[in-house]
Amino acid sequence: MGKYFGTDGFRGEANVTLLPSHAYQIGRFLGWYYGARVGKRCRIVIGKDTRRSGYMLESALSSGIISSGGDVYMMWVTTTPSVSYITRTEGFDCGVMISASHNPFYDNGIKLLNSRGEKMDEETILQIEAYMDGETPSIPMASRENIGSQFDFEAGRNRYTGYLISQGIYNFRGIKVGLDCANGSAWRIAQNVFNALGAEVTIMGNQPNGTNINEGVGSPHIEGLQALVRENHLDVGFAYDGDADRCLCVDEKGNVVNGDLILYIYGRYMKERGHLLTNTVVTTVMSNFGLYKAFDEVGIDYAKTDVGDKYVYEYMSANGCRLGGEQSGHIIFSKYATTGDGILTSLKMMQAMIGSKKTLSELAAPVKIYPQKLENVRVKSKPEAQSDPAVQAAVQAVADELGDSGRILVRESGTEPLIRVMVEAETQEECDAYVKRVTDVIIARGHQAINN
């Protein structure tokens with residue numbers, strides 16, 4: 001991760017830590033890097049979610065690209081996976097999505113995608129940051145006929161919608177579906193897709209006003225969809241986040257079906273039909289211990305990556321895996337997409353339900369989710385705390401006592417000065433006690449940073 005860009009783009013509070021000038025500089029670099037630098041006029045597609053600050057940032061980005069000689073294609077309000085899809089299928093040099101995903105409306109972000117619709121590589125990101133900090137030569141302004149242009153490309157969103165509809169291999173007629181669109185990017189696309197496939201749709205989170213994205217709705221606030229499903233006696237519900245690259249589900253009883261359960265349901269569905277290439281589902285280290293136990297029961301192998309869908313996709317791409325994701329609902333179906341896609345995930349869950357002739361609760365039932373306790377300790381030095389022999393001994397003692405009935409994970413935060421201690425065990429009391437045992441050692445050894 002660099003100075004500005006993290007694992008999911010450049011994110012910050014709009015007009016505070018993420019400025020129009022940042023967007024302009026990024027645009028200047030992209031327009032030159034993919035265009036004038038290699039002697040051509042590049043084509044870059046831009047999308048945004050429903051945040052008010054998106055107008056400001058997309059204008060700045062567009063101006064930067066055009067002034068460097070690139071052409072800009074505006075998809076306007078759309079989802080991150082739609083930008084990824086259009087970038088790779090329509091021959092764009094790169095794609096840009098303006099969104100802060102599940103964050104509140106006052107935050108925003110800039111996500112960069114390469115020509116294959118994948119998250120931009122670290123080397124290019126570092127070059128962008130060096131340019132932003134004035135560490136590289138200035139980029140020449142395009143002039144006269146070399147100045148770029150801007151085009152309305154709403155048609156791209158329509159093509160993506162059509163692609164999603166084509167993935168619905170079953171008719172949804174007679175199935176009562178709840179959708180929570182988070183007052184974000186999915187508010188038009190998701191309903192159009194489910195309507196086209198014949199579902200009886202009840203929708204919420206579809207009244208964006210620029211400041212209500214993720215406000216009490218969407219996957220960050222799944223309780224709203226749970227209530228909608230129960231009160232309207234729906235068969236299933238799907239909740240997206242602000243840019244619709246993640247999805248959480250609610251079964252017909254109103255219970256949450258998170259990313260771990262989605263991976264189990266569709267991994268098993270694929271295996272039973274001979275479609276789970278490499279027989280491996282890719283998870284992160286934060287997936288629940290119960291998921292792995294359930295995979296063992298049905299003979300599915302699994303891999304564990306660092307936290308972040310970027311790392312999940314990298315492993316999938318390098319090893320030929322077809323399914324992977326995170327507990328948070330970032331699910332990647334590599335045959336169909338190069339990024340997490342919330343609406344596609346919901347279509348795959350419908351496919352598993354209809355194809356198996358089972359309810360979502362029945363499909364999820366074999367997975368026993370273990371109680372979990374996660375505690376963060378703010379520390380002076382993450383490496384010193386992690387490598388302390390006394391801390392390591394405490395962690396090993398807990399691991400030995402848990403045996404095969406649970407697990408402990410101690411890791412450094414990627415963005416904050418925190419050590420995260422997580423335990424999964426058969427009871428919540430065990431989780432609490434084991435976490436306290438390790439955090440007490442971290443504190444007793446003097447690693448804790450005391451806030452002033």
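What follows walks through a few helices, strands and single residues of a predicted model. Because the model is predicted, local features need pLDDT of at least 70 and side-chain atom pairs count only at pLDDT 80 or more, while totals for chains, interfaces and linings use all residues. Residues are numbered from 1 along each chain as its sequence is written, and side-chain values use heavy atoms, with hydrogens and water left out.

Strand β13 (280-284) is a handy place to start. Helices (H or I, at least four residues) and strands (E, at least two) are DSSP runs, numbered from the N terminus. Five of the five residues of β13 are buried, so the strand is largely enclosed by the rest of the structure; buried here means under 20% relative accessible area, exposed over 50%, and partly exposed in between, with a 1.4 Å probe and protein chains only. Thr280, Val282 and Thr284 point one way, Val281 and Thr283 the other. β13 runs parallel to β14, with five bridges joining the two, and pairing takes at least two DSSP bridges between two strands. Thr283 has Lys304 of β14 as its bridge partner. β13 also runs parallel to β15 (residues 323-325), this time over two bridges, with Val282 opposite Gly324.

Helix α9 goes with this pair of strands: β13, α9 and β14 make a right-handed β-α-β unit. Right-handed means that, with the strands pointing away from the viewer, the path from the first strand over the helix to the second runs clockwise. Within α9 (residues 289-298), the buried residues are Phe289, Gly290, Leu291, Tyr292, Ala294 and Phe295. They pack against α8 (259-272), β13, β14 (301-305), β18 (407-412) and β19 (418-424), where contact is heavy atoms within 4.5 Å. As for the ends of the helix, a side-chain oxygen of Asn288 reaches to within 2.8 Å of the backbone nitrogen of Gly290 at the start of α9. Just after α9, Gly299 takes a positive phi of about 75 degrees.

Elsewhere, five strands form an open sheet with mixed pairing, in the order β9-β8-β10-β11-β12. β9 (200-204) and β12 (256-257) are the edge strands, each pairing on one side only. Four bridges hold β8 (residues 176-180) and β10 (residues 236-240) in a parallel pair, and Asp180 stands opposite Ala239 in β10. Helix α11 (residues 342-356) lies across β8, β10 and β11 (247-250), at about 165 degrees to β10. For that angle, axes are lines fitted to C-alpha atoms, for helices over the stretch in contact, and values run from 0 to 180 degrees between N-to-C directions.

Backbone angles pick out two more residues. Most residues other than glycine have a negative phi. Trp76, though, has a positive phi near 65 degrees; Trp76 sits in strand β4 (residues 71-77) and counts as partly exposed at 29% relative accessibility. His233 also has a positive phi, about 55 degrees, without being a glycine. His233 belongs to the loop between α7 (223-232) and β10, and at 59% relative accessibility this residue counts as exposed.

Another histidine, His22, is in helix α1 (residues 20-33). His22 is buried, with a relative accessible area of 14%. Leaving aside residues up to four places away in sequence, His22 touches Tyr4, Phe10, Thr17 and Met132.

Technical notes:
A polar contact is a pair of N or O atoms within 3.5 Å; within protein, one must be able to donate a hydrogen and the other to accept it, and residues adjacent in sequence count only if both atoms are side-chain atoms.
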